Amino acid sequence: VLGLFYRRTADSAFVELAVAASPEEPRFVRLGQTGCTASVWATHSERGPFVFPAQAAGDPGVLLWWEDIQEGVCEANRESKAAQQMALGLAAINQAIKEGNAAQTVRVLRSPDVGLCGVVAECAAAYQAQFSALLAARRPAGGHSEALWVRHRLRDGSEYYFHLRSFEGSWEQPRPLALNTAHLSREEIQGAITRVSATHDRQRLWQSRAWLVVRLQARMRGFLFRQRWAARQRLLSRQVPAATQIQAAWRGHLQRRRYADRTGYLRRNAAAAIKIQSWVRMWLARKRYLERLRYFRKN
């Protein structure tokens, strides 16, 4: 047994088993028609041939057992089914995004076939807005936004092509190929979900710890105020003698300046003050004289 191969014709696809007495003269036996295996029909062709333990050992004389062949065929069918279900889930997500229904978008985002992580129901509106922005940013870039083929890259690096109208997939690149540029991939959807969910988690954490943050801020403000107050008090206690001496010198300077201004004013107005005083004394003497004269006239 040399290996297991996928073959495709114009109207069907099937699995062939390459057997021969030597690797130079292989003979292909179509499985599913000879009765030696269950009827298993492959849906893709470029994934084969399978490499089984017998081939990996490098010994062409080692026989390939029936369990190895059956396991390889089942594994290929499982991979094809998983890829098709993933493509269907992504198509449903893109359709819900285009319809603008946030609740429906969240429901299809939680599909286990797509395998998206971190989906939160409370962020439905935010998811819809983020996906709509991604679609709006991709439309002006050109390309075929109405094409029916989309390409998905799987985790192992292989590519899977999916038709949006017939819902059929192919591991081979269809000819001719026009890819839909407005179709969001799984990586783009997961990136948007991660950003929105991270923002939502930060907001919830802040809301749940708001009282603690307020208390911490109050404690910190009190600590900083007490620290500044203590530093001010220490500065004043060290500078009290100097401050007292400065204040005394300043008060003495002000008093001396006021005294000098007063004495200068008096010196400048000494003659006027003497004249005023003489007039006042003369008026007082005349007043006393007149009062005395009236007294004598009456008596």
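Q: Why is Tyr160 called buried in this predicted model?
A: Tyr160 has a relative accessible area of 4%. Buried means under 20%, so Tyr160 is buried.

Q: Why is Trp171 called buried?
A: The relative accessible area of Trp171 is 3%. The limit for a buried residue is under 20%, and Trp171 therefore counts as buried.

Q: How many aromatic pairs are found in a search of the whole structure?
A: The search finds four aromatic pairs. Among them is the pair of Tyr160 and Trp171.

Q: What makes the pair of Tyr160 and Trp171 edge-to-face?
A: A pair of aromatic rings is described by the distance of the centres and the angle of the planes. The centres of Tyr160 and Trp171 lie 4.9 Å apart, and rings pair if their centres lie within 6.5 Å. Their planes stand at 70°; planes over 60 degrees apart count as edge-to-face, so this pair is edge-to-face.

Q: Which parts of the chain does this pair link?
A: Tyr160 lies in strand β5 (residues 159-163), and Trp171 lies in the loop between β6 (169-170) and α5 (186-208). The two residues are 11 residues apart, and the pair links distant parts of the chain.

Q: What makes the pair of Tyr295 and Phe296 edge-to-face?
A: The ring centres of Tyr295 and Phe296 are 5.9 Å apart, with the planes at 70°.

Q: Why is Tyr295 called partly exposed?
A: Tyr295 has a relative accessible area of 46%. Buried requires under 20% and exposed over 50%; Tyr295 is therefore partly exposed.

Q: Why does Asn94 count as buried, and which residues does Asn94 touch?
A: Asn94 has 2% relative accessibility, and buried means under 20%, so Asn94 counts as buried. Asn94 is placed in helix α2 (residues 66-99). Not counting residues up to four places away in sequence, Asn94 touches Ala182, His183, Leu184 and Ile189.

Q: Why is Val280 called partly exposed?
A: The relative accessible area of Val280 is 43%. Val280 is in helix α7 (residues 270-298). Together with Ile276, Trp283 and Leu284, Val280 makes a nonpolar surface patch of about 400 Å².

Notes. Residues numbered from 1 in each chain as written. Predicted model: local features only at pLDDT ≥ 70, side-chain atom pairs only at ≥ 80, totals over all residues. Heavy atoms only, no water. Patch = residues over 30% accessible without salt bridge, like charges linked within 9 Å, V, L, I, M, F, W, Y side chains within 5 Å. Areas by Shrake-Rupley, 256 points an atom, 1.4 Å probe, with all protein chains shown as cover. Salt bridge = Lys/Arg side-chain N within 4 Å of Asp/Glu carboxyl O. Helix = DSSP H or I, 4+ residues; strand = E, 2+ residues; numbered from the N terminus. Buried < 20%, exposed > 50% of the residue type's maximum accessible area, 1.4 Å probe, protein only. Contact = heavy atoms within 4.5 Å. Phe/Tyr/Trp six-rings, centres within 6.5 Å; stacked < 30°, edge-to-face > 60°.
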